[in-house]
Amino acid sequence: MNWRTRRILDNLWGPTGSIAYHIILLVLVFSFFKMQKRTEEPAVEVVVKEVETIEKLEDITEELEQIQDIPTVVDAVAPPTVSLDQEPPQVDALTAGGPGVDISELNLMEAVSPIRFKGLYASRSAAGRQEALGKYSGGLGNQTEYAVKKALEWLKKHQEPDGSWGPNYKAGMTGLALLAFLAHGETTASEEYGPTIRNALRYLLKIQKQGVFAAGGPWHHPSQIRCYEHAIATYAVCEAYGLTSIPFLKAPMEDAVQVIIDGQHEGGSWDYGYAKGPDANMDVSLGGWHIQALKAAVGAGAENVGLKSALESAIQGLKTQVDRDAGGKFRYGTRVKRPGDNVMTGVAVLCMQLGGHALDAEARAGMNSLEKMEFKWSKGPQDPRGVADWPFYAWYYITQARFHQGGKTWVAWNKQFAPTLCAMQNPDGSWCPAPESSEHQFGPVYMTSLGCLMLEVYYRFLPTYKPIEVGVATGPEKPEKGEEDIVIKFE
């Protein structure tokens with residue numbers, strides 16, 4: 001290469017090299033961003049598709065919720081065959097004892113969601129009942145279901161034209177009877193008992209608007225009966241909403257629950273007239289129905305502020321009524337000064353189980369104190385005065401408590417209570433009070449409803465509870481979407 005050529009190349013390299021360098025740099029930068037875009041694009045596409053899928057599922061769910069004519073759940077396994085035209089299996093022979101708001105246009109079949117037997121009510125479907133009876137009835141399932149069927153038929157026949165049951169304390173009696181139907185998995189959509197349940201709900205909603213048992217009315221009446229009635233009626237409305245999700249039951253349910261929350265006094269219990277203050281009674285019996293109502297409200301998805309806190313406070317209040325001198329039995333309350341007894345122990349233990357505190361020391365001590373108790377029709381539960389008082393009331397609670405305890409405790413009780421209760425049922429399906437009982441004043445609706453609920457214990461609630469820890473909430477409480485059961489967790 002001569003000197004002229006070398007000089008020309010040297011002069012050209014400066015600008016040419018610079019241009020080439022920048023061109024190469026731009027190509028590399030462009031390639032980098034192009035590769036980066038390619039690697040990110042699939043991730044963006046996945047996210048978009050996932051969101052779209054969720055929206056479509058929610059749309060489908062909302063559409064299903066609005067369908068009105070959804071058929072009743074069909075079970076793969078048929079329930080026990082029960083016919084009132086044939087006799088049940090034989091049992092040991094025993095002698096049997098003798099101007100309002102018009103809501104008539106409300107359509108209780110309107111916008112009914114699919115019946116969902118889950119959470120608290122998972123075992124109430126036909127297949128669920130069949131399975132539970134096979135597991136827990138000790139071979140007595142056909143016999144007990146025959147008695148349940150007779151009891152439900154009697155209640156259906158004796159419903160008043162306005163949808164109530166009586167003849168007195170109608171809100172409470174209607175609530176008890178309605179609970180008996182709901183415990184069997186019957187709802188407003190049931191072919192056989194749907195009209196009965198719809199009429200009962202119409203009655204309860206009507207008297208609630210009249211102020212008989214809910215907010216805005218004389219629910220604060222000083223009568224102890226009125227407070228019992230409010231709790232029992234609320235319990236029934238909560239279960240009805242939990243099983244059906246009928247939209248316009250939600251507001252009346254939450255209104256009734258709010259009365260209970262507002263009426264709870266500082267000690268965690270409830271007093272007659274929902275009295276408060278340092279002298280308010282820690283009434284275990286009255287508290288029992290209010291706790292059951294709160295538990296049903298949680299299971300139904302009520303969104304009242306302070307609901308879970310009220311339930312937990314009530315459980316802690318129960319613990320203060322343990323009588324250690326009586327072997328861990330529970331007292332009636334602070335107003336009546338007498339030792340703990342079997343009746344109140346049954347109430348307290350069941351409520352602690354429902355609240356998720358079955359393994360607490362107080363519940364275990366109470367359960368142990370009931371171990372030797374027997375189900376004898378001629379001699380009901382003895383209180384410390386030696387009186388056979390309120391046997392059906394006691395048996396209602398003790399039967400459930402021992403069922404949830406399970407094991408030999410339940411097996412021993414089931415062998416006594418189920419055959420005896422079935423044998424003591426009147427031919428028409430009702431029950432009469434046991435001898436020397438204080439329960440005569442409440443009549444056959446009270447007895448028949450409680451008797452029926454006892455025989456539905458096998459499938460009314462699932463039997464296995466896990467202990468839980470519940471903190472006292474300090475702010476508004478609203479269930480998470482899809483939350484079915486907060487306090488009790490089932491295995």
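pLDDT is the predictor's confidence in each residue, on a scale from 0 to 100. That score is a handy place to start, since what you have here is a predicted model. Over residues 215-222 the pLDDT stays under 50, and the model gives this stretch 19 contacts beyond four places in sequence. The chain as a whole has a mean pLDDT of 76, with 64% of its residues at 70 or more. Residues 91-105 also have pLDDT below 50, and that stretch makes 28 contacts in the model beyond near neighbours in sequence.

**The chain overall**

- Of the 491 residues in the chain, 51% are buried.
- The accessible surface comes to about 23500 Å², and carbon and sulfur atoms account for 56% of that surface.

**The nonpolar core**

- In soluble globular proteins, nonpolar side chains tend to be buried together.
- Here, the largest nonpolar core holds 116 residues.
- The members that touch the most other members are Trp289, Leu294, Phe392, Tyr393, Phe417, Leu421 and Trp431.
- Helix H6, residues 224-244, supplies the largest share of this core, with 12 residues.

**Helix H2 and its surroundings**

- Helix H2 spans residues 126-136, and its buried residues are Ala126, Ala127, Gly128, Arg129, Ala132 and Leu133.
- Those buried residues pack against helix H3 (141-157) and helix H15 (457-460).
- After H2 comes glycine 138, which has a positive phi, near 65°.

- The structure holds 13 salt bridges.
- In one of them, the side chains of arginine 124 and glutamate 239 meet at 2.9 Å, N to O.
- Arginine 124 sits in the loop between helix H1 (3-66) and H2, while glutamate 239 belongs to helix H6, so this pair ties together parts that are 115 residues apart in sequence.
- Arginine 124 counts as buried because its relative accessibility is 0%, where the cut-off for buried is under 20%.
- Glutamate 239 counts as buried too, at 1% relative accessibility.
- Arg124 and Glu239 are also linked with Arg460 in a network of salt bridges.

**Salt bridges within helices**

- Glutamate 131 forms a salt bridge with lysine 135, and their closest N and O atoms are 3.2 Å apart.
- Both glutamate 131 and lysine 135 lie in helix H2, four residues apart, which is about one turn of the helix.
- Glutamate 131 is partly exposed, with a relative accessible area of 48%, and lysine 135 is exposed, with 54%.
- In helix H3, the side chains of glutamate 153 and lysine 149 meet in a salt bridge at 3.8 Å, N to O.
- Glutamate 153 and lysine 149 are separated by about one helical turn because they are four residues apart in helix H3.
- Which of these two residues is buried, and which is partly exposed? Lysine 149 is buried, with a relative accessible area of 18%, whereas glutamate 153 counts as partly exposed at 23%.

How values were computed: Residues are numbered from 1 along each chain as its sequence is written. This is a predicted model: local features need pLDDT of at least 70, side-chain atom pairs count only at pLDDT 80 or more; totals for chains, interfaces and linings use all residues. Side-chain values use heavy atoms; hydrogens and water are left out. Buried means under 20% relative accessible area, exposed over 50%, partly exposed in between (1.4 Å probe, protein chains only). Helices (H or I, at least four residues) and strands (E, at least two) are DSSP runs, numbered from the N terminus. Contact means heavy atoms within 4.5 Å. A nonpolar core is a set of buried Ala, Val, Leu, Ile, Met, Phe, Trp, Tyr and Cys residues joined through side-chain atoms within 4.5 Å. Accessible areas come from the Shrake-Rupley method with a 1.4 Å probe; for residues, only the protein chains shown count as cover. A salt bridge is a side-chain nitrogen of Lys or Arg within 4 Å of a carboxyl oxygen of Asp or Glu.
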